[in-house]
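The stops below are meant to be taken in order.

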Amino acid sequence: MKRIILTVILAVSAMTLFSCEKYEDGKPVKSVREAFAEMYPDARDVEWDMELTGWKVSFETGTPPDVKESEAWYDRNGNWLRTETDLLASALPQVVKDALAASEYASAVLDASDVEFVETPDGNFYQLEVILKGLEVKLKVSEDGKISLAGLDF
């Protein structure tokens, strides 16, 4: 009997210790978890947070040295809204670098810590933060190099 109790305690402890998902605000409904698992079957260090309109999940993919940190958003029904993946500024495609160099933002300083690749159901783009004349400016750059203003921070 002691052996059975010890086995159960060890099994429960192991499951708790090695669980790869963290739920800060409760557990998302099954449809949300399944949608995420289908899109990102190799995700690690998964953390779920309840947002106003649905769920944000932070996770890692890839293997060292190519580990990528991402955040994906899902509505309460499990519909994917977007995924943002952190990038090194050096990983920006040449078309994006060329577009910036040829634009009104050519003299801006790129904030290398705020570069993301954003995927949405409507299309993908790079989101960058640059400092231009003392202002923090968020830019959206399409995969073909078209630049649009995403916002200003004062």
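Which residues form one aromatic cluster? Select Phe 36, Tyr 40, Trp 48, Trp 55, Phe 59 and Tyr 74. This is a predicted model, in which local features need pLDDT of at least 70 and side-chain atom pairs count only at pLDDT 80 or more, while totals for chains, interfaces and linings use all residues. Residues are numbered from 1 along each chain as its sequence is written, and side-chain values use heavy atoms, with hydrogens and water left out.

**Aromatic pairs**

A search of the whole structure finds seven aromatic pairs (rings of Phe, Tyr and Trp, the last by its six-membered ring, with centres within 6.5 Å; planes under 30 degrees apart are stacked, over 60 edge-to-face, the rest tilted). Zoom in on Phe 36 and Trp 48: with ring centres 5.4 Å apart and planes at 75°, the pair is edge-to-face. Phe 36 belongs to helix α2 (residues 30–39) and Trp 48 to strand β2 (residues 44–50), so the pair ties together parts that are 12 residues apart in sequence. Helices (H or I, at least four residues) and strands (E, at least two) are DSSP runs, numbered from the N terminus.

**Charges over rings**

Next, select Arg 82 and Trp 73: Arg 82 lies over the ring face, 3.7 Å from the centre. Then show Lys 140, whose charged end sits over the ring of Phe 125 at 4.5 Å from its centre. The criterion is NZ of Lys or CZ of Arg within 6 Å of the ring centre and within 35 degrees of the ring normal.

**Nonpolar cores**

Now select Val 96, Tyr 105, Tyr 126 and Leu 128, which have the most contacts inside the largest nonpolar core, of 15 residues. Such a core is a set of buried Ala, Val, Leu, Ile, Met, Phe, Trp, Tyr and Cys residues joined through side-chain atoms within 4.5 Å. At least two residues each come from α3, β6 (109–120), β7 (123–132) and β8 (135–142), and β7 gives the most, with four. Another core lies apart from this one and has 12 residues, among them Val 32, Ala 35, Trp 48 and Val 57.

**Helix α3**

Finish at α3 (residues 94–101), where Val 96, Ala 99 and Leu 100 are buried. On the other side of α3, Gln 94 and Ala 101 are exposed.

Methods. Buried < 20%, exposed > 50% of the residue type's maximum accessible area, 1.4 Å probe, protein only.
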